[in-house]
Amino acid sequence: MLIENPVPWPNGARCAVAITFDLDVDSILHISHPNDADNYISIQSFLKYGAEISIPRICRVFKELDLRQTFFVPGWCVERYPRALKLILNGGHEIGHHGYLHESPNAQSAEDERYWFERALQAYRTCLGIRPRGFRAPLNEFSKNTLGYLIDAGIEYDSSLMGDDVPYLLTSRDRKQNVIEIPQCITMDDWPHFMHSWDLKYEMPISSPQRAREVFLSEFDAMWESGGLWMTVWHPFLTGRPARVKMLIEILEYMRSKGGLWFATLGEISDHVKECISNGSWSPRLDTLPYDESPIPELDRPRRRDVSPSQREVAS
Ligand SMILES: [Zn+2]
């Protein structure tokens with residue numbers, strides 16, 4: 001087996017499948033152009049397509065396929081796009097914490113990171129009446145303080161890191177408490193295939209749906225053979241466009257033809273992992289965070305002393 005410690009998935013499934021979407025909408029424009037985002041109308045319309053056009057389409061497809069999945073949404077988007085959020089919740093899907101304005105946690109001071117984290121929690125509480133069970137750091141930029149904030153807020157799982165093929169536990173060096181990590185992989189992200197915006201400084205060559213599908217399904221075949229987790233990190237304004245929703249439907253048809261799948265929200269995967277740990281049927285790998293308390297000491301080398309020729313002669 002390629003995976004040393006696969007999770008015993010429910011009903012003997014060979015592979016867990018989670019089609020997660022990150023609904024960032026135009027939060028990423030406002031955070032990257034804080035002084036003049038209001039003057040970038042075309043890119044703003046491109047990003048708003050995700051909430052206005054893609055979410056209704058994706059929710060219809062999920063309903064037809066009887067799927068309930070997880071959407072990570074910044075708190076500001078929850079406040080700004082109530083219709084999209086209502087569709088997601090009415091479909092029985094899960095909402096995860098994804099920052100307030102898609103700010104990068106590791107670009108903030110510890111104090112500012114906590115401020116934005118809690119402001120997002122307030123938005124979920126006020127607008128939706130929920131407290132998210134899971135977190136995905138904007139841009140996956142999880143800081144060395146993030147795990148502590150997740151523990152303090154009672155967040156059960158994170159899905160920002162890439163340290164394994166199956167869920168594992170994050171242990172805080174300070175607080176001695178755990179959060180379940182449901183790991184992702186950049187290979188399963190749609191951004192490298194489909195994101196192209198001069199205004200946001202991403203200029204990837206755009207893949208055809210067939211090319212992206214080939215990458216995503218090569219991951220699936222390996223996970224299916226070895227008992228892993230196949231989880232997408234997709235964005236509605238990219239993968240929610242018609243040709244790519246066709247790709248999503250074809251991928252699901254292929255996967256269902258192989259059988260042995262467990263489709264789940266990340267909250268359900270977290271529940272299942274906790275159950276396996278408590279009944280002793282599976283033991284997770286542990287990662288203690290942060291990996292390093294400071295930049296590694298090897299970088300702190302003394303500056304080379306300038307040695308003149310005459311000094312070299314004396315030394316020799
Ligand atoms: Zn995002």
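These questions and answers go through a predicted model of one chain.

User: How many helices and strands does the chain have?
Analyst: The model is a predicted one. Its secondary structure comes to 12 helices and 12 strands.

User: What radius of gyration does the chain have, against that of a compact globule?
Analyst: A compact globule of 316 residues would have a radius of gyration near 20 Å. The C-alpha trace spans about 85 × 55 × 40 Å along its principal axes. The chain agrees with the globule value, at 22 Å.

User: What share of the contacts with a separation of 6 or more comes from residues 24 or more positions apart?
Analyst: Buried residues make up 39% of the chain. Of the contacts with a separation of 6 or more, those between residues 24 or more positions apart account for 75%.

User: Which residues have the most contacts inside the largest nonpolar core?
Analyst: The largest nonpolar core has 72 residues.

User: How many of the residues of β1 are buried?
Analyst: In a regular strand the side chains alternate between the two faces of the sheet. On one side of β1 are C15, V17, I19 and F21, and on the other A16, A18, T20 and D22. Both faces are covered, and the count of buried residues is 8 of 8.

User: Which residues stand opposite A16, I19 and D22 of β1?
Analyst: β1 pairs in the parallel sense with β11 over 3 bridges, with β10 over 6 bridges and with β2 over 2 bridges. In β11 the residue opposite A16 is W262. In β10 the residue opposite I19 is T232, and in β2 the residue opposite D22 is F72.

User: Which residue is the bridge partner of T70 in β3?
Analyst: β2 and β3 pair in the parallel sense over 4 bridges. From β3, E94 and G96 point one way and I95 and H97 the other, all of them buried. The bridge partner of T70 is E94.

User: How far apart are the end C-alpha atoms of helix α2, and what span should its 24 residues have?
Analyst: At 1.5 Å a residue, the 24 residues of α2 (41-64) should span 34 Å. The separation of the end C-alpha atoms agrees with this, at 34 Å.

User: Where does α2 bend?
Analyst: The bend in α2 is about 45°. A proline, P56, follows within four residues of the bend. The bend is at S54.

User: What covers the buried residues of α2?
Analyst: An α-helix has 3.6 residues a turn, so residues three or four places apart point the same way. In α2 the buried residues are L47, G50, A51, S54, I55, I58 and C59. What covers them includes β1, α1 (27-32), α4 (82-90) and α9 (236-239).

User: Is V25 buried or exposed?
Analyst: V25 lies in the loop between β1 and α1. Most residues other than glycine have a negative phi, and most peptide bonds are trans. V25 has a positive phi of about 45° although it is not a glycine. With 27 other C-beta atoms within 10 Å, V25 is buried.

User: What is the phi of L139?
Analyst: L139 sits in the loop between β4 (134-135) and α6 (146-152). With 19 other C-beta atoms within 10 Å, L139 is partly exposed. Although L139 is not a glycine, its phi is positive, about 55°.

User: Which residues does P284 touch beyond four places in sequence?
Analyst: P284 is in the loop between α11 (266-279) and β12 (286-289), and is buried because 20 other C-beta atoms lie within 10 Å. P284 touches P167, Y168, L169, V273 and I277.

User: Is T187 buried or exposed?
Analyst: T187 is found in the loop between β7 (178-181) and α7 (191-194). Leaving aside neighbours within four places in sequence, T187 is in contact with V215 and E219. With 12 other C-beta atoms within 10 Å, T187 is exposed.

User: What is the omega of the peptide bond from L289 to P290?
Analyst: P290 is in the loop between β12 and α12 (309-315). The bond from L289 to P290 is cis, with omega near -5°.

Conventions: Residues are numbered from 1 along each chain as its sequence is written. This is a predicted model: local features need pLDDT of at least 70, side-chain atom pairs count only at pLDDT 80 or more; totals for chains, interfaces and linings use all residues. The expected span of a helix is 1.5 Å times one less than its number of residues. The bend at a residue is the angle between axes fitted to the seven residues ending there and the seven starting there. Two residues are in contact if their C-beta atoms, placed from the backbone, lie within 7 Å. Two strands pair if DSSP finds at least two bridges between them. The radius of gyration is taken over C-alpha atoms; the globule rule is 2.2 Å times the number of residues to the power 0.38. A nonpolar core is a set of buried Ala, Val, Leu, Ile, Met, Phe, Trp, Tyr and Cys residues joined through C-beta atoms within 7 Å.
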